[in-house]
Amino acid sequence: LVIRLSSQGCLRKADLRFFVDRKDAIPDLAFARRRVETCKTGAPGETEVKFGWGELGITGATAVRLLNPMGKG
């Protein structure tokens, strides 16, 4: 799973938390930032963060429902 987030240039995967609810065949998935990004290392833009199905605890899932799209907007 690849999510794309607004970033000032210093967002890391470790700055994110995720929650999975497996109430049916398609897991619900939500992401949150652990802290506000306050660095000014570059121009505002986007960062891609990748998570493996196993890392999310949903090995074998064929789809997920993302509960909180977090891109630009």
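This is a predicted model: local features need pLDDT of at least 70, side-chain atom pairs count only at pLDDT 80 or more; totals for chains, interfaces and linings use all residues.
**Exercise 1. Decide whether cysteine 10 and cysteine 39 are buried, partly exposed or exposed.**

*Solution.* Step 1. The cut-offs are needed here: a residue is buried under 20% relative accessible area, exposed over 50%, and partly exposed in between.

Step 1. Cysteine 10 has a relative accessible area of 26%, so this residue is partly exposed.

Step 2. Cysteine 39 has a relative accessibility of 17% and therefore counts as buried.

**Exercise 2. Describe the pairing of strand 1 with strand 4, and assign the residues of strand 1 to its two faces.**

*Solution.* Step 1. Strand 1 and strand 4, the latter formed by residues 45-50, run antiparallel and are joined by 6 bridges.

Step 1. Within this pairing, leucine 5 has threonine 47 of strand 4 as its bridge partner.

Step 2. Strand 1 comprises residues 2-7. Its covered face consists of Ile3, Leu5 and Ser7, whereas Val2, Arg4 and Ser6 make up the uncovered face.

**Exercise 3. Determine the strand order of the open sheet of 3 strands, and explain which strands stand at its edges.**

*Solution.* Step 1. Strand 2 (residues 16-21) pairs with strand 3 (residues 28-33) over 6 bridges in the antiparallel sense. A hairpin of 6 residues connects the two strands, and phenylalanine 19 has alanine 30 in strand 3 as its bridge partner.

Step 1. Strand 3 also pairs with strand 5, here in the parallel sense and over 2 bridges. The bridge partner of aspartate 28 is arginine 65 in strand 5.

Step 2. The order of the open sheet is thus 2-3-5, and its pairing is mixed.

Step 3. Strand 2 and strand 5 (65-66) each have a single partner strand and stand at the edges, so one side of each lacks a neighbour in the sheet.

Conventions:
Residues are numbered from 1 along each chain as its sequence is written. Side-chain values use heavy atoms; hydrogens and water are left out. Helices (H or I, at least four residues) and strands (E, at least two) are DSSP runs, numbered from the N terminus. Buried means under 20% relative accessible area, exposed over 50%, partly exposed in between (1.4 Å probe, protein chains only).
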